[in-house]
Amino acid sequence: HLALEEVRDGGQEVLQGEGVLAFILLESVIMKYIFRTLGTKLRLTRAYLYSFVGFFFSCITPSASGGQPAQIVFMRKDKLNVAHSTLVLLLITIGYKLVLVILGGVTLIIRPKRIMDAVEPVEFWVWLGIILNIIVIVALFILVFMPSVAKWIIKKSIGLLNKIRILKDKDKWLHKTDDMMVKYEDASKYLKDHKIVIFNVILLSILQRLILFFITVIVYWSFHLRGTSIIDILMLQCLI
């Protein structure tokens, strides 16, 4: 009996590992797909490396803030266009946050009693989290689809930072902004003409997030716990 329990536990650990690998692999598929729409050929193995880099650095930095900067560094080493790399990661972030808002919003609209009873003491913070994510999504959409507005905001910010003596050599930074935004505007215009790209990224992101959420189900089972349905666990994950 103990041997069978060990085999079952070992199988669940393997499933947890496979779930994380599937999550990372799906991000690399999304990354390769967006780069291809921008006219950049990227091997899936390299995309897989960038996804691993992002996952690792997100795990070891505060608020998971180091993942994307580390990915940019590795992409730059491979001589990928920095403006395109930034745009790709922005689109992945938009897809990620949009999916979380959609799944969390759907859960709050359906309001399953068991889930709402569990989150009732913190429902205000759940709504606040959704509202803040929506604000971030709007800001990211401005960066991607309204680069002229983004350029104006960046230049005003550079001027303000220079005025309060936090940033020196204002002209150098304005010149860098102009150079960056020329390439950025070209990529942004291409994506405006290919809105199906965003739709496909959102679909892939939904699948990716559900795979990640399902790991919690496997961990729950690994503790020999039963009685809570898969749907309940996934919906609670959506809110968290």
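# Exercises on a predicted helical chain

Of the contacts in the chain with a separation of 6 or more, 68% join residues 24 or more positions apart, where contact means heavy atoms within 4.5 Å. The model is predicted: local features need pLDDT of at least 70, side-chain atom pairs count only at pLDDT 80 or more, and totals for chains, interfaces and linings use all residues. Residues are numbered from 1 along each chain as its sequence is written, and side-chain values use heavy atoms, with hydrogens and water left out.

## Exercise 1. The chain as a whole

Task: State how many helices and strands the chain has, and describe its extent and its surface.

Solution. 

1. The chain contains ten helices and zero strands. Helices (H or I, at least four residues) and strands (E, at least two) are DSSP runs, numbered from the N terminus.
2. Along the principal axes, the C-alpha atoms fill a box of roughly 70 × 40 × 35 Å.
3. Accessible areas come from the Shrake-Rupley method with a 1.4 Å probe; for residues, only the protein chains shown count as cover.
4. The chain has 240 residues, of which 38% count as buried. Buried means under 20% relative accessible area, exposed over 50%, and partly exposed in between (1.4 Å probe, protein chains only).

## Exercise 2. Two packed helices

Task: Describe how helix α3 and helix α4 cross, and name residues that meet.

Solution. 

1. Two packed helices are described by the angle between their axes and the distance between the axes.
2. Helix α3 covers residues 67-77 and helix α4 covers residues 82-110; their axes come within 10 Å and cross at roughly 145 degrees. Axes are lines fitted to C-alpha atoms, for helices over the stretch in contact, and angles run from 0 to 180 degrees between N-to-C directions.
3. The crossing of α3 and α4 is right-handed. A crossing is left-handed if the near helix is turned anticlockwise from the far one by less than a right angle, and right-handed if clockwise.
4. On the α3 side, Gln68, Gln71, Ile72, Met75 and Arg76 take part, and they meet Val82, Ser85, Thr86, Leu89 and Thr93 in α4.

## Exercise 3. Salt bridges

Task: Determine how many salt bridges the structure holds, and examine the pairs Asp78 with Arg46, Asp117 with Lys113, and Arg114 with Asp232.

Solution. 

1. There are four salt bridges in the structure, each being a side-chain nitrogen of Lys or Arg within 4 Å of a carboxyl oxygen of Asp or Glu.
2. One of them joins the side chains of Asp78 and Arg46 at 2.8 Å, N to O. This pair links distant parts of the chain, 32 residues apart: Asp78 lies in the loop between α3 and α4, and Arg46 in helix α2 (residues 44-60). Asp78 is partly exposed at 31% relative accessible area, and Arg46 is partly exposed at 26%.
3. Another pairs Asp117 with Lys113, whose closest N and O atoms are 2.9 Å apart. About one helical turn separates these two residues, because they are four residues apart in helix α5 (residues 113-119). Asp117 is partly exposed at 42%, whereas Lys113 is exposed at 63%.
4. Arg114 forms a salt bridge with Asp232, the closest N and O atoms being 3.7 Å apart. This pair also links distant parts of the chain: Arg114 is in helix α5 and Asp232 in helix α10 (residues 230-239), 118 residues apart. Arg114 is partly exposed at 49%, but Asp232 counts as buried at 15%.

## Exercise 4. Buried residues and a surface patch

Solution. 

1. Leaving aside residues up to four places away in sequence, Leu98 touches Ile137 and Ile202.
2. With the same exclusion of residues up to four places away, Thr37 touches Tyr190, Leu191 and Val197.
3. Trp127, Ile131, Leu132 and Ile135 make a nonpolar surface patch of about 390 Å². Patches are made of residues with over 30% relative accessible area and no salt bridge: like charges are joined within 9 Å, nonpolar side chains (Val, Leu, Ile, Met, Phe, Trp, Tyr) within 5 Å.
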